[in-house]
Amino acid sequence: MTNHAVHTGDRLTGSRAIERDGRCVPDQAGNDVRCRGRLLPAVVATGLLLAILPQTVLDAQVRRGASRQTARHELIQRKRDDEQRRFAADLEQIAEFCERHDQPHAAAEIRSLARQTGADGMTVRTLPDREQPAIPLDLPAVEREWRTRLRSARDEHAEKLYLLSREFLNAGLPSSAYQLVRETAAWNPDHPLARKLLGFKRYRDEWVTPFAALQLGRGNVWHDQFGWLPKEHVARYEQGERFYRGWKPAEQEAAIRRDFRHAWEVETEHFLIRTNHSLERGVEIARALEDYYEFFYQTFAGFFQSPEQMQRLFQELSTGARGGTLPTRKHVFHYYRAQDEYIAALREKIPQIRVTDGVYYPPDRVAYFYHDPERENNATLYHEACHQFFYESSKHDRPVGEEGHFWIVEGIACYMESYDRDGESISLGDPRFIRFYWARRRLLAENYFIPLDRFSALTMREFQSAVDQRELQQRYSQASGLAHFLMHYEGGRYREALVDYLSQIYRGDPRRPVRSLSDLTGTPSAELDAQYQDYIHAMDQAVGPDDRAR
């Protein structure tokens, strides 16, 4: 069972109060719903492209009821689609060249790239660490020709996406602009401005983060099992020795580290992980969280930076005034080797800690977890990290959602549990993920739905004061489904409005009321309700009868 965050007066954010929604519910054959089968490529976030919008067209869109922001989104989507079609046509010409010259495998490879040009910026490829090598001069003439043409086509596409990201930003759509920068780097991993905007810098022939550059400059190297180590320590670590108050066998160090006061510490760009489980598990968690953070920041860039701040950042980078900088404060995670230690560490702060799988505790600004040998709980990790990232960006030390709009605090964290990395591909929002399975079931099978106005009016305490456990589960399911809807509907039409909504809730002036989603999207609440229900029906049809029955 994964964690469901439940805020109380003590600002508890992790609880098992939601009984079945978070676990992998078996079907009649006993198969695990969440894990069975391959994840769908997510229906996801965009890099939408921004044009200079014709004012008459924009005004007409606004008169039809759309907000200026969503009207811009619709027009931008068309321009981005035009560029994607142009690029796909270029790729097809190169694939046909390969076929004419008896290179069928190359043609298939190029056509697979063409299938990755859709506007789904929440399904992305990881970026390489090293600069792209030059195309070898000694390749056969045909292969050198198609590889050169492909490199040129990718670079041209990347440059057009980057320029469009600037227009996106000028229209006040920073999250979409940032996603487009990420897509720029996916097509041209050595695009210098895109790399700098994403926080990378060159170190010899590598693209590294500022923290990695600092470590490398000190003579340290990254080891996938042991994290950052002095280069001269690597061989001894691989032979079973450890350096802690002098060299000693790994077993002796582990005996000392079992006391959490002497826990291992794994430091990365954005995180400090303390654990008494093992160094290897600490490194594994740190790597997963860094991947997650990069994607999270990309997705919600408009939450962390205003359009004006991003404009300045674009300008500074384009003039060479600055590069990536070290974060001022790390996100802290404590990971215990056993549940009883986790409970003992937190029971005085959180009396109901026994029923949690993991918790972000705002007064400490620490996320707490424990090792469960029977299952991985990365969904819990991502849920609580979502709370942590949003909360720690706020200047206000206050409960979130205390006066209303609490559903999105939990809804977006439940949505972020669907983050998945499969090899070189990262995705978010798989419709078959357990949260969205239950969102469909609650609405379609149980006919449970609270209109958005009423749902948004619920305070933290009211949301959690459901009639019974079943109703609390239903509320979490609807919150998860609504978050998916706002992230994905019509290619992300409401995504920037959702980011604005979250910004007000977490970072806004607590003395000022939060603007409603109806106001932010320019869509009446009743219409949003109808769109959501249609969206869930369409998702159910798209997933198919086998998955609907699970």
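Predicted model: local features only at pLDDT ≥ 70, side-chain atom pairs only at ≥ 80, totals over all residues.

1. I would start with helix H15 (residues 406-416) and helix H20 (residues 495-507), whose axes come within 10 Å and cross at roughly 120°. That angle makes H15 oblique to H20, since values from 65 to 115 degrees would count as roughly perpendicular and those over 145 as roughly antiparallel. The crossing of the two helices is left-handed.

2. Which residues meet where H15 and H20 are in contact? From H15 come Trp407, Ile408, Val409 and Ile412, and facing them from H20 are Leu498, Tyr501, Leu502, Ile505 and Tyr506. By class, this contact has nine nonpolar residues, with no polar and no charged ones.

3. Next, have a look at helix H13 (residues 339-346), where Tyr342, Ile343 and Leu346 are buried. These three lie on the same side of H13, because they cover an arc of only 95° around its axis. In general, an α-helix has 3.6 residues a turn, so residues three or four places apart point the same way.

4. Lastly, Glu490 sits in helix H19 (residues 469-492). Is Glu490 buried, partly exposed or exposed? Its relative accessibility is 46%, so Glu490 counts as partly exposed. Between Glu490 and Tyr535 the C-alpha to C-alpha distance is 9.5 Å, although they are 45 residues apart in sequence.

Definitions and conventions: Residues numbered from 1 in each chain as written. Heavy atoms only, no water. Buried < 20%, exposed > 50% of the residue type's maximum accessible area, 1.4 Å probe, protein only. Helix = DSSP H or I, 4+ residues; strand = E, 2+ residues; numbered from the N terminus. Arc of directions from axis to C-beta. Axes fitted to C-alpha atoms, helices over the stretch in contact; angles between N-to-C directions. Parallel < 35°, antiparallel > 145°, perpendicular 65-115°, else oblique. Left-handed = near helix turned anticlockwise from the far one by under 90°. Contact = heavy atoms within 4.5 Å. Nonpolar A, V, L, I, M, F, W, Y, C, P; charged D, E, K, R; others polar.
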